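Visitor: Hi, could you walk me through this one? I'd like to ask things as they come up.

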Amino acid sequence: MSQSPLRRGQPRYDWVFRNARIVDGTGAPSFIGDLAVTGEKIAALGEPGTIPPGAGESERDLSGMALAPGFIDSHTHDDRIVLDAPDMLPKISQGVTTVVVGNCGISLAPVTFTDTPPPPPMNLLGGAEAYEFPTFAAYADAVARKRPAVNVAALVGHSALRIATMDDISRKATDAEIAKMGALLDEAMRNGAAGWSTGLFYPTNAAADADEVARLGRYVSAHGGVYATHMRDEFDNVLASIDEAVSTARNARTPLVISHHKCAGVHNWGRTQQTLPHIEAVANGHSVNVDVYPYAAGSTNLRADLITDTYPIMIAWSRPYPEMTGRYLIDIAAEWGLDLDETAARLQPAGAIYFQMDEADVRRVLSSPLSMIGSDGLPHDDHPHPRLWGTFPRVLGHYARDVGLFDLETAVHKMTGLTAKVFGLENRGTLTPGAYADLVAFRPDTIADRSTYEQPTLPSSGIEWVMVNGGMSFQAEQGVEERHGRLIN
Ligand SMILES: [Zn+2]
């Protein structure tokens, strides 16, 4: 806080930013204005000149730049990386100030592994040593002690709950097991979780039926939490999966987020023309949104049931063959003289990038008023999908400015105000006096992603600086300077 002497009648602020293009996160038209910050909060906002000259302890002229709420990454697997690499450079360098962790049924808490390694997809968060949090409170405490550069909003994963409480996860949970999982969910929600997630597509979660999910969801709705789901099927049965997700959420009385909405597989291309109206129709007043990343390729474990010659598959990591990372499966198969299935089996355990989507579908989902931007980046992969480093500038630069899918205000809304509302993040996501000063200054004319499938870890360009909870945390020239993030809900 400023300790400078006050001149009578004149406010003093820690920071004053002048002549910025104010994009306030609500989707409203932008305007040129000034914004002041004191402590952790936005203290004033108005037209140029409303904040007296010299009122800021530090002042910056933002002519030519946009000033927006810090971006909220609605879909991440950053549970462990916020502790291991708390500078969070891949995210804060994109303007991200909050990450939603614990998606797809996968979360670090509340589960530990003793003698067995975490089964896929739990290994997307790192090895057994990563899972050291038997309760959500223990994880919350670790986040508080590390103080990452970005805020963390945490979901509890259904796979984590099942592994923590069931001796056999290949069946539906019994009443007693549901009660145990419910107690863990209740503990999590009381200690700051924002909601929970399922990954019904995954073997650790697939045996749970809609009844098990709805009964657990009620422990979350009791605390006002949200439900996010990686649905059972994003391929041929995507419509049935949407029906299941919406009816389960309605049953549990939780708002619903359909994760990384897509229609995967070549013969399903174009079907977002069906799915998006279908979601709105079945939602019928219930709160339903989707998250989406701005790329036509997905990424997860290398899975036998996803091997195909109908689209390219790139290896993101391989435990036995790290030298094959970044190469295409079909090229490795040719080199080894094996078929695709045999090649994939030999690479295991491994992760992959699947070029499984249609660009027109990606654009349709991005353009939908239901969609929020979420990177789904995998920070532990050796050769990650470029979404980890590029998602937010790609939406602002490529899709909003260059392709013209929507205007800048809409793009920012999909990564700030809408996301904060859906996840119930209070006093975040909009530029409003009294809200937390999570801010990003960027150059709308030049902002661009630079990460590619070939070079996936290149930082974006056009982000000038990022403030988290009122602390100047990242600057383009200096990188990460301070860390001010915390667990939020
Ligand atoms: Zn997922």
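**A chat about the model**

Guide: Happy to. Keep in mind that this is a predicted model.

Visitor: OK, and which residues coordinate the zinc ion?

Guide: The zinc ion is held by C104 through SG, H230 through ND1 and H260 through NE2, at 2.0 to 2.3 Å.

Visitor: How are those donor residues spaced in sequence?

Guide: The pattern is C-x125-H-x29-H. C104 and H260 link distant parts of the chain, 156 residues apart. C104 lies in the loop between β7 (96–101) and β8 (111–112), while H260 lies in the loop between β13 (256–258) and α8 (272–283).

Visitor: Since you mention α8, where is H278, and is it buried, partly exposed or exposed?

Guide: H278 is in helix α8. Its relative accessibility is 21%, so H278 counts as partly exposed; buried would need a value under 20%.

Visitor: What does H278 touch?

Guide: Leaving out residues up to four places away in sequence, H278 touches L239, I242 and D243.

Visitor: And how far is H278 from P369?

Guide: They are 91 residues apart in sequence and 14 Å apart in space, C-alpha to C-alpha.

Visitor: Changing topic: how many residues does helix α6 have, and what is its reach?

Guide: Helix α6 covers residues 210–221, which is 12 residues. From first C-alpha to last, α6 reaches 16 Å, close to the 16 Å expected at 1.5 Å a residue.

Visitor: Which residues of α6 are buried?

Guide: E212, V213, A214, L216, G217 and V220 are buried in α6. Their cover includes the helices α4 (158–165), α5 (175–190) and α7 (238–252), along with the strands β11 (195–199) and β12 (226–230).

Visitor: Now α11 and α12. At what angle do they pack?

Guide: Helix α11 (residues 359–367) and helix α12 (residues 387–402) pack at about 105°, and their axes are 13 Å apart. That angle makes α11 roughly perpendicular to α12.

Visitor: Which residues meet there?

Guide: From α11 there are E359, V362, R363 and L366, and from α12 there are V395, H398 and Y399. The residues of this contact divide into four nonpolar, one polar and two charged.

Visitor: Last one: is R303 buried or exposed?

Guide: R303 is buried, at a relative accessible area of 15%. R303 sits in the loop between β15 (298–301) and β16 (313–318).

Visitor: And what is R303 in contact with?

Guide: Setting aside neighbours within four places in sequence, R303 is in contact with F201, Y202, P203, Q348 and Y354.

Definitions and conventions: Residues numbered from 1 in each chain as written. Predicted model: local features only at pLDDT ≥ 70, side-chain atom pairs only at ≥ 80, totals over all residues. Heavy atoms only, no water. Donors = N, O, S within 2.8 Å, 3.2 Å for Na, K, Ca; no water. Helix = DSSP H or I, 4+ residues; strand = E, 2+ residues; numbered from the N terminus. Expected span 1.5 Å × (residues − 1). Buried < 20%, exposed > 50% of the residue type's maximum accessible area, 1.4 Å probe, protein only. Contact = heavy atoms within 4.5 Å. Axes fitted to C-alpha atoms, helices over the stretch in contact; angles between N-to-C directions. Parallel < 35°, antiparallel > 145°, perpendicular 65-115°, else oblique. Nonpolar A, V, L, I, M, F, W, Y, C, P; charged D, E, K, R; others polar.
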